[in-house]
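Here is a short briefing to read alongside the model.

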Amino acid sequence: MASSTSDPGADTKSLDSEVEQTELIQNRLYQPWSLNRDASFLPVDDIERERQEGLHHFFQRIFDGRLIFPGPAAKDPERILECGFGTANWACDVAEAYPDATVIGVDVSPHLKPDTTPENLHLQIDDLNDVFTFPGNHFDLVHSQHVVTGIKKHRWPGYVRDCVRVLKPDGWLQFVELHLLVQSNNGTITPRHAIDQLGQAFIGAVDDKRDLRAPTRFAKMFTDAGLQNVEQQVIHIPLNPWMPDPQWSERGREFREAFVDGLEGSLMIPLTQFATLSANEVLALLAHARKELQDESLKPYMALYIAIGRKPNS
Ligand SMILES: C[S@@+](CC[C@H](N)C(=O)[O-])C[C@H]1O[C@@H](n2cnc3c(N)ncnc32)[C@H](O)[C@@H]1O
């Protein structure tokens, strides 16, 4: 990790202006600095801001409003690190919930952060693929959520190790990620479905760059990095109202809207630049996938992985 916009010295000035630059690709704004260093390939415009905010509120409903899962970490934390702050919704909420704590957020992009933030929140520009330069034994909680498309394929063990190194003894690590391939509860999504074709095309496009199955191995990664009290939970998030329970049916409706709204921005760069699809082919597949997701008999869902673990005291 190399830079910070919260500490603008002379040597960071040119980098600050470089990270702020944007480029229009297929009618969406992206950040060349991030694309060129093969970090995040998500858009950085108002549409993406709305999508991330919507997802934050959606997942907060799933989590019953809880921001921090390990009980002990939610008790008087002194320092909290947020990896990939995005719109900084989680970081702002946690800074407001714990006004005596110092919250530091890191992201490659400054574009989606709010104009005003709580005084105890400090947002920095950095690439999580670089080795952390924070001091060791520093944070009570390190939180990382929905960054799987931005962490390089072979970075995961080092990323977890970095998070663990900067945790205080008895500090907690909390990871939340979706497994991005849409699955079916009754196996009726097949390769003839556009939704599967998009998923497979995405996996193929990023295969040499990203490990989209990393969330399925968080518990092992945490244990391998020396964490204790490791727990992993998997929640199936429906992608339309197919679940009989009325609350989950409504969640399925909400998640489908948020998911389809985000597909174009999230897939355009990988499918057209890392694979050989044209923008029109992507748009055609997306239109088919949108229709398919109306079909409740497909019982589509995505698996959400939540993992926590504690750094041992000795
Ligand atoms: C989908 S958003 C999630 C934001 C937030 N964590 C949340 O859950 O709402 C992913 C964020 O991670 C950031 N990101 C992705 N790869 C990154 C990297 N290598 N280093 C720093 N930030 C990264 C992106 O810029 C984006 O803001």
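**Around the ligand**

The ligand is surrounded by 21 residues, and the closest are Ser40, Gly84, Gly86, Leu128 and Gly150; a residue is near a molecule if its C-beta atom, placed from the backbone, lies within 6 Å of it. Two or more shell residues come from each of α3 (46-62), α4 (89-97) and β4 (102-107). This is a predicted model: local features need pLDDT of at least 70, side-chain atom pairs count only at pLDDT 80 or more, and totals for chains, interfaces and linings use all residues. Numbering starts from 1 along each chain as its sequence is written.

- By residue type, the shell around the ligand has eight nonpolar, 11 polar and two charged members (nonpolar: Ala, Val, Leu, Ile, Met, Phe, Trp, Tyr, Cys and Pro; charged: Asp, Glu, Lys and Arg; polar: the others, Gly among them).
- Helices (H or I, at least four residues) and strands (E, at least two) are DSSP runs, numbered from the N terminus.

**The sheet**

- Seven strands make an open, mixed sheet in the order β5-β4-β3-β6-β7-β9-β8; strands pair if DSSP finds at least two bridges between them.
- At the edges are β5 and β8 (228-238), each pairing on one side only.
- From one strand to the next, the twist averages 15° (axes are lines fitted to C-alpha atoms, for helices over the stretch in contact, and angles run from 0 to 180 degrees between N-to-C directions).
- β4 and β5 are parallel, with five bridges, and Asp107 sits opposite Ile125 in β5.
- Strands β6 (residues 139-145) and β7 (residues 167-184) run parallel, joined by six bridges; Leu141 has Trp172 in β7 as its bridge partner.

**Helices on the sheet**

- α4 packs on the sheet and touches β3 (79-83), β4, β5 and β6, its direction making about 175° with that of β4; contact means C-beta atoms, placed from the backbone, within 7 Å.
- Helix α5 (residues 156-166) lies across β3, β6 and β7, at about 150° to β7.

**A closer look at Gly252**

- Gly252 belongs to helix α8 (residues 246-274).
- Gly252 counts as buried because it has 23 C-beta neighbours inside 10 Å (buried: 20 or more other C-beta atoms within 10 Å; exposed: 12 or fewer; partly exposed: in between; C-beta atoms are placed from the backbone).
- Beyond its neighbours within four places in sequence, Gly252 contacts Pro238, Leu239, Asn240, Pro241, Trp242 and Met243.

Methods
Two residues are in contact if their C-beta atoms, placed from the backbone, lie within 7 Å.
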